[in-house]
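Hello,

Here is the structure I promised to pass on to you. Have a look at it first, and then read on for what turned up in it.

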Amino acid sequence: MNPRYELVAQRANHRCEYCHAPEIVFNFPFEVEHIIPLARGGLDKESNWALACRSCNLFKGTRVSYQDPELESEVRLFNPRQDRWDEHFNADRESSTIMGKTSIGRATVNCLGMNGTAQIAARQQWIRFGLFP
C-alpha cells in the first residue's frame with residue numbers, strides 16, 4: 001500500500017476527491033494520485049496528493065486541463081488542494097449525476113467521465129444507502 005495512503009485518505013474523509021465516491025463500498029483502498037502529475041512537473045509532496053477512485057485516476061491520467069464543453073476552450077482541471085468541490089460541482093440526487101457549475105467543473109466532469117453509465121448506476125445505490133453526497 002502507498003505509504004501516504006493513511007494521511008491522504010483521512011484528509012479526504014475516505015472519499016474520492018474528484019467524484020466524491022465513498023471508499024467504504026469498494027473492496028480495495030482508493031489511490032493516492034498526484035494532482036499535477038510528476039511527468040508534468042508536479043512535486044511529490046502533500047500539497048500535490050489527492051485520494052482518487054480508480055475510475056477518476058485512470059481517466060485523469062497525466063492530464064492537467066481539458067476542454068470545457070460550454071466554452072469550447074481548454075481549462076485546468078479541478079484541484080482538490082486549491083478548489084472547493086461545492087463551488088465547481090453540484091450533485092443531482094434525482095438523476096444521480098454530477099454537474100459542473102463552472103468551466104473547471106464542466107471540464108473535470110467530462111474528462112473524468114463522472115456521468116458514465118456505471119458511475120450513475122453506482123451513485124444511485126450510494127444515494128439509496130445514504131452514502132452520497
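Predicted model: local features only at pLDDT ≥ 70, side-chain atom pairs only at ≥ 80, totals over all residues.

The buried ones are Ser-103, Ile-104, Gly-105, Arg-106, Ala-107, Thr-108, Val-109 and Cys-111. What lies over them includes two helices, H2 (54-60) and H3 (85-88). The cover also includes strands E3 (65-68), E4 (73-76), E5 (89-92) and E6 (97-100).

Now for the chain as a whole. It has 5 helices and 6 strands, and from the N terminus on their order is α-β-β-α-β-β-α-β-β-α-α. Its radius of gyration is 14 Å, close to the 14 Å that the globule rule gives for 133 residues, so the chain is as compact as a globular protein of that length. The C-alpha trace spans about 40 × 35 × 20 Å along its principal axes. Of the 133 residues, 44% are buried. Among contacts with a separation of 6 or more, 55% are between residues 24 or more positions apart. The accessible surface comes to about 7,200 Å², and carbon and sulfur atoms account for 51% of that.

The aromatic residues are next. Searching the whole structure gives 7 aromatic pairs. In one of them, Tyr-18 and Phe-78 have ring centres 6.4 Å apart and planes at 80 degrees, so this pair is edge-to-face. It links distant parts of the chain, 60 residues apart: Tyr-18 is in the loop between helix H1 (5-11) and strand E1 (31-34), while Phe-78 is in the loop between E4 and H3. Both Tyr-18 and Phe-78 are buried.

Another pair is Phe-26 with Phe-30, with ring centres 4.9 Å apart and planes at 65 degrees, so these two are edge-to-face. Phe-26 counts as partly exposed because its relative accessibility is 32%, whereas Phe-30, at 5%, counts as buried. Ring pairs join Phe-26 and Phe-30 with Phe-28, Trp-126 and Phe-132 in a cluster. At Phe-132 there is also a charge to look for: the charged end of Arg-123 sits over the ring, 5.7 Å from its centre.

Notes
Residues numbered from 1 in each chain as written. Heavy atoms only, no water. Buried < 20%, exposed > 50% of the residue type's maximum accessible area, 1.4 Å probe, protein only. Helix = DSSP H or I, 4+ residues; strand = E, 2+ residues; numbered from the N terminus. Contact = heavy atoms within 4.5 Å. Phe/Tyr/Trp six-rings, centres within 6.5 Å; stacked < 30°, edge-to-face > 60°. Lys NZ or Arg CZ within 6 Å of the ring centre and 35° of its normal. Rg over C-alpha atoms; globule rule 2.2 N^0.38 Å. Areas by Shrake-Rupley, 256 points an atom, 1.4 Å probe, with all protein chains shown as cover.
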